[in-house]
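Have a look at the structure first, then read on.

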Amino acid sequence: MTTETTHRTAVHEDVQDHRPGYVHGYSVTEARRLGEQADTLAELLHAGTAYPAGGRVLEAGCGVGAQTVHLLASSPGVRLTAADLSAESLARAREAVAAHAPGARVDWHHGDLHDLPFADGSFDHVFVCFVLEHLARPQAALAALRRVLRPGGTITVVEGDHGSAFFHPDSAPARAVVDQLVRLQAAAGGDALLGRRLHPLLADAGFRDVAVEPRTVYADGSRPALVEGFTRRTFIAMVESVRADALAAGLTTAAAFDRGLADLRRTAEPGGTFHYTFFKAVAVRP
C-alpha cells in the first residue's frame, strides 16, 4: 500500500508550489508530455538501474511521477521516498503511482531538496532525473543529496543537453527556436546544456567513482514510435510550450518562431531524422 504520509519543511505553501527555474510550467499538457517522454524513453534511461528490495531510495524532484512509476517497476520492493517542491506535482505523482504500482511503499516529501529534513545517511540510493538542469545551484543540490546518502551508497543522475540536438532537414530557424528555449531556461536560473557537465558537478560535490555514459535517441522513418513519442510529443512539444515566453522576452517574433517550429516539425515527417543525447551518471558517496 502506498504510504500517504507527507513530510513538510517550514517553507510557505505558495513558495513551495512554484519552482522559478522550471521553464516548462505546470499545465496538464506539460504533465502529459512528461508522462509520454518517460514512457517512450523508459528502456533507454532506466536500463541498468535496479535497486534491491528493502533498499532505501530517494527520488529527488519526482515531479508528476512520470519517472517514479518506471523506477518502481524496475525496483519492486524498495522503500521509496519521492520528494518535490510542488504540491500539485506530488498530488499527480501519488495518482500515477496508485494507478501503476498500487502496492509500492512510497513516502511523499513536499519541500526543497536543498534543505531535506532527513538524517545524514538516511538512504542507500538517490535517483535524480531531469532536475539539476532547472536549478541555479546544481552543485549545492548534489552536496545536499550527498549528505543524506549513506557512505558507499550510490547516486544516479540523468540529464539532457539541448546542444546535442541535430536533425535533418537542417534549418537555421529551427535551430533558433531551440536556442531560445536554452536562453529562457538560463534566464530562469537553469542550464539546458547541463548534461555535458555531470562528471565535474558530481566530482566537485564530493562523490567518487563517477561514471557517465551517453544515452542517445535517434529517430527516423524506420522508428515510428520514437518519431511520435520523442521527436513530436517530447522535444517539439517542449519547444512549442515556450512560444509565449519567447515572444514576451523579445527573443523572437511570432512569424519567426512559427517558421522555426514548422521547420522543426519537418524532421518528424517522411525523410526527416532527429538526434538527441541524454547523459546518465552513477557515482558513490565515499
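Which residue in S5 does Val 57 stand opposite? That would be His 125. Keep in mind that this is a predicted model.

**Strand S2 and its neighbours**
- S2 pairs with S5 (residues 123-129) through three bridges, in the parallel sense.
- S2 also runs parallel to S3 (residues 79-84), and five bridges join the two.
- Val 57 has a bridge partner in S3 as well, namely Leu 80.
- To get from S2 to S3 the chain passes through H3, and this β-α-β crossover is right-handed.
- Four of the five residues of S2 are buried, so the strand is largely enclosed by the rest of the structure.

**Gln 67**
- You'll find Gln 67 in the loop between S2 (56-60) and H3 (68-74).
- Gln 67 is buried, at 6% relative accessible area, which puts it under the 20% cut-off.
- The side chain of Gln 67 makes a polar contact of 2.8 Å with that of His 46.
- Leaving aside residues up to four places away in sequence, Gln 67 touches Ala 38, His 46, Glu 59, Phe 127, Cys 129 and Phe 130.

**Salt bridges**
- The count of salt bridges comes to 14.
- One of them joins the side chains of Asp 161 and Arg 196, at 2.7 Å from N to O.
- Asp 161 sits in the loop between S6 (149-160) and S7 (166-168), and Arg 196 in the loop between H6 (172-187) and H7 (198-204), so this pair ties together parts that are 35 residues apart in sequence.
- Asp 161 is buried at 3% relative accessible area, whereas Arg 196 counts as exposed at 51%.
- Arg 232 forms a salt bridge with Glu 228, with the closest N and O atoms 2.9 Å apart.
- Both Arg 232 and Glu 228 belong to H8 (residues 224-240), where they lie four residues apart, about one turn of the helix.
- Arg 232 is partly exposed at 35% relative accessibility, and Glu 228 is partly exposed at 28%.
- Asp 258 and Arg 243 meet through their side chains in a salt bridge of 2.8 Å, N to O.
- This pair links distant parts of the chain, with Asp 258 in H10 (residues 254-266) and Arg 243 in H9 (residues 243-248), 15 residues apart.
- Asp 258 is partly exposed, with a relative accessible area of 34%, and Arg 243 is partly exposed at 28%.

Notes: Residues numbered from 1 in each chain as written. Predicted model: local features only at pLDDT ≥ 70, side-chain atom pairs only at ≥ 80, totals over all residues. Heavy atoms only, no water. Buried < 20%, exposed > 50% of the residue type's maximum accessible area, 1.4 Å probe, protein only. Polar contact = N/O pair within 3.5 Å; in protein donor to acceptor, adjacent residues only side chain to side chain. Contact = heavy atoms within 4.5 Å. Pairing = 2+ DSSP bridges. Right-handed = clockwise from strand over helix to strand, strands pointing away. Salt bridge = Lys/Arg side-chain N within 4 Å of Asp/Glu carboxyl O.
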